[in-house]
Amino acid sequence: VVAGGVSFAYLAELTWMALTHRWLTDANGHPLAADFLSFWSAGLLAWGGHGPQAYDWSIMHAFQGQLMHHTAGGFLGWAYPPLFFALATPLARLPSGAAFLVWLVAGFAFYAASIAAITRDRRMVLLALAAPASLACMVAGQNGFLTAALMAGVLLQLDVRPVLAGLLLGFLTYKPHFGLLFPVALLFGGYGRAFAAATFSALAVLLLSWLIMPDSLAAFAHHLGGMSHDFLSQGSAGFYKLQSLYGVLRTAGISDGAAFAAQGVLSLAMAGFTAWLWRNEKDLALRSAGLCAATLLVTPYLFLYDFPVLAVAIAFLWRARPFDGIETALPILSQLALAAFVVASIPTGFIASLLTLAVVIRRAIAPAIRTAPLAQPA
């Protein structure tokens, strides 16, 4: 009931924003300066045969100003490999408002279907919709729904169709920092066929990108260093928006080098935890929840709209078994932490990821604690 009320409030707010021309398009039908504009404008450039120009931020800024019919104060860059043009280009054939809605509805449909498939309960879609990250994705028109649905699809198919799971994983290269722990999980979990299929899929995507859009692939590779410098080291989007340990430390005034070092230690710890969990835990649902939570902790480049992945982690925890009292509190607190970001403007998403990982750790170590021998009196 609460989730339904929150979801209705989200949709009512979006409707009001659209009617007052603060969402989708302005009063003249021109696109607004939302994140989706970067997808749509890059698709327009690619459709016109100018894909590499999407990686030139000065050209993109000027082009987006033409589309909006005014110069934007901020900047909405294109930071994705050429694979993502496969989605952006068809969207660019639609008017901006219609493309925005098609993108959101399709993305949420795949995401909702994934949550329902994981939990085996369609009512859980309401909980997924009510998560604060869902509203963030909808307002900005971002790709968090797609990322979460892809990760969920891989993990759902892993036992029954490992080759299909691996092929799907190759498409996650559109956002490569979300695939960092998958090789560790597959290798230590004994999923050799899925690992081979994922390797083949990723290489095939790279080869096709080189064959079809060689200039765009080269522009993307050249662009990576600049993106890291601008969005991480320089904090162009604001350090408080980075929902990672790196973002927490930079927001607190810690230097770039020290923050990267701390993030590196955490990333190694998450890789070790993932290897241990996938080697020793038999329940694929718990393994999957741990992988999703650890994925959010391993990367420094993380925003609120990426957190539908956390809903996938919570859904897998529910699939493994219903929550007890403590386990009910922790996911609720994780969502409240995400909601607090809007008020506090600090990287509370890092806390949300830790709270969810705590449930995974609690379940993973519980059998060892129960079977530990009791100390005997001398």
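1. Aromatic pairs: in this predicted model, a search of the whole structure returns 26 aromatic pairs. One of them joins F36 and F39, whose rings sit 6.1 Å apart centre to centre with 85 degrees between the planes, an arrangement that counts as edge-to-face. F36 and F39 are three residues apart in helix α2, which means that about one helical turn separates them, and both residues are buried.

2. F36 and F100: the ring of F36 also pairs with that of F100, and this pair is classed as tilted because the planes meet at 45 degrees, with the ring centres 4.9 Å apart. The pair links distant parts of the chain, since F36 belongs to helix α2 and F100 to helix α5, 64 residues apart; F36 and F100 are both buried.

3. Aromatic cluster: F36, F39 and F100 belong to one aromatic cluster, whose other members are W23, Y55, W78, Y80, F84, F85, W103, Y174 and F220.

4. Cavity: the structure holds one cavity of 30 Å³ or more, and the largest cavity contains about 50 Å³ of space.

Methods. Residues numbered from 1 in each chain as written. Predicted model: local features only at pLDDT ≥ 70, side-chain atom pairs only at ≥ 80, totals over all residues. Heavy atoms only, no water. 1 Å grid on protein atoms, 1.4 Å probe; cavity = no way out; pocket = protein on both sides within 12 Å on 5 of 7 lines; lining within 4 Å. Points joined across faces, edges and corners; volume = space filled by probe spheres on them. Phe/Tyr/Trp six-rings, centres within 6.5 Å; stacked < 30°, edge-to-face > 60°. Helix = DSSP H or I, 4+ residues; strand = E, 2+ residues; numbered from the N terminus. Buried < 20%, exposed > 50% of the residue type's maximum accessible area, 1.4 Å probe, protein only.
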